[in-house]
Structure formats: structure tokens, C-alpha cells
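Visitor: Good morning. Could you walk me through this structure from the beginning?

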Amino acid sequence: AMDVVVCASGERSWMPATSFGFGLGYVSTAARGARGMYVTTHAVESFVEEHYGDQIEQLSSDLKSGKLSPQEAYESLLVLLRTACADEIHHKEDAAVRAKQFGDSPMARLLDRLQFSAVYWGSRVGAALAKRL
């Protein structure tokens with residue numbers, strides 16, 4: 001039933017998300033070690049949680065209005081999105097806990113905030129660009 005609701009390959013974005021994600025993970029780990037990897041994971045998963053939340057909200061609204069058919073396929077997609085979102089939330093929370101294992105000095109907190117902001121907003125901008133490409 002998923003083939004009814006998932007876009008065809010010609011409708012996919014040209015944004016190289018896999019390469020971008022790999023590069024981001026590599027750079028953050030090379031620059032700041034495991035802490036940098038966890039801060040990056042926390043930031044990306046925070047964005048992804050919001051992104052899923054928007055999709056879940058829209059799909060729930062569309063299902064309630066009766067706009068979507070076949071309804072069973074879209075209900076199945078909604079369950080999948082909620083499950084995936086819960087998994088991302090778990091990753092986000094786990095990364096935040098693990099990052100704190102490396103100490104909590106004022107300088108580390110400042111670097112964490114700067115890195116989190118750069119990654120989070122970079123993710124938002126990347127997603128916005130992907131929607132237009």
C-alpha cells in the first residue's frame with residue numbers, strides 16, 4: 001500500500017542528503033571528537049523531530065478531513081511516521097546525555113551551543129532548499 005502514497009523517483013529531490021550527512025558527521029567528529037558527534041546528532045535529530053512532527057500534523061489533519069484515499073494506506077503511513085519520529089527522539093535524547101559525559105565547562109557549553117545552532121539551522125536551510133530543487 002505504501003507505493004500509493006510514496007512519491008515516484010522522478011519527484012525526489014536532487015539534494016545530496018547522504019553526502020551532506022556523512023560530511024557533517026565526519027567534520028564534527030574530526031573537529032571535536034565523540035562530543036562533537038553527539039552534539040551534531042542531537043541537533044540533527046532535533047530538526048528531524050520537528051520535520052516529522054509537521055508531516056504527522058498535516059497528515060493527521062488531511063485524514064480527519066477525508067481528503068486522502070485510500071485511507072488505510074495513509075493511516076499506515078501515519079503509524080510509520082510516528083514510529084520513525086519516536087526513534088529519532090530516542091537518538092536525540094541519547095546523544096544529549098552522551099555529550100554531557102565529556103564534561104560541562106563553560107567553554108565546552110559555548111562550543112556545543114555554537115555547533116548545535118550551526119548544524120540545526122544548516123539542516124533547516126538544507127531541507128528548505130531540497131523542497132525547491
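Guide: The conversation below goes from the overall fold to single residues.

Guide: This is a predicted model, in which local features need pLDDT of at least 70 and side-chain atom pairs count only at pLDDT 80 or more, while totals for chains, interfaces and linings use all residues. Residues are numbered from 1 along each chain as its sequence is written, and side-chain values use heavy atoms, with hydrogens and water left out.

Visitor: How many helices and strands are there in the protein chain?

Guide: The protein chain has four helices and zero strands. Helices (H or I, at least four residues) and strands (E, at least two) are DSSP runs, numbered from the N terminus. The order of the elements from that end is α-α-α-α.

Visitor: What span should helix 3 have at 1.5 Å a residue?

Guide: Helix 3 covers residues 71–100, and its 30 residues should span 44 Å; the end C-alpha atoms are 44 Å apart, which agrees. The expected span is 1.5 Å times one less than the number of residues. Helix 4, with 27 residues, reaches 39 Å from its first C-alpha to its last, close to the 39 Å expected.

Visitor: And what share of the 133 residues is buried?

Guide: Buried residues make up 29% of the 133. Buried means under 20% relative accessible area, exposed over 50%, and partly exposed in between (1.4 Å probe, protein chains only). In helix 3 the buried residues include Tyr-74, Leu-78, Cys-85 and Lys-92; in helix 4 they include Asp-112, Val-119, Tyr-120 and Ser-123.

Visitor: How many salt bridges does the structure hold?

Guide: The structure holds seven. One of them joins Asp-94 and Arg-98 at 2.8 Å, N to O; both residues lie in helix 3, four residues apart, about one turn of the helix. Another joins Asp-104 and Arg-109 at 3.7 Å. Arg-32, Arg-35 and Asp-112 are linked in a network of salt bridges.

Visitor: A change of topic, then. How many aromatic pairs does a search of the whole structure find?

Guide: The search finds three aromatic pairs. In one of them, the ring centres of Phe-116 and Tyr-120 are 6.0 Å apart and the planes are at 5 degrees, so the pair is stacked. Rings of Phe, Tyr and Trp (its six-membered ring) pair if their centres lie within 6.5 Å; planes under 30 degrees apart count as stacked, over 60 as edge-to-face and the rest as tilted.

Visitor: Where do Phe-116 and Tyr-120 lie?

Guide: Both are in helix 4 (residues 106–132), four residues apart, about one turn of the helix. An α-helix has 3.6 residues a turn, so residues three or four places apart point the same way. Phe-116 is partly exposed at 23% relative accessibility, while Tyr-120 is buried at 11%. Tyr-120 also pairs edge-to-face with Trp-121, at 5.3 Å centre to centre and 90 degrees between the planes.

Visitor: Which residues is Ser-46 in contact with, leaving aside neighbours within four places in sequence?

Guide: Ser-46 is in contact with Lys-92, Phe-116 and Tyr-120, where contact means heavy atoms within 4.5 Å. Ser-46 lies in helix 2 and is buried at 12% relative accessibility. Val-44, also found in helix 2, touches Leu-24, Val-119 and Ser-123, not counting residues up to four places away in sequence. The C-alpha atoms of Val-44 and Tyr-120 are separated by 5.8 Å, although the two are 76 residues apart along the chain.

Visitor: Finally, is Glu-57 buried or exposed?

Guide: Glu-57 is exposed, with a relative accessible area of 59%. This residue belongs to helix 2 (residues 17–65), and its C-alpha atom is separated by 9.5 Å from that of Leu-78, 21 residues apart along the chain.

Terms used
Salt bridge = Lys/Arg side-chain N within 4 Å of Asp/Glu carboxyl O.
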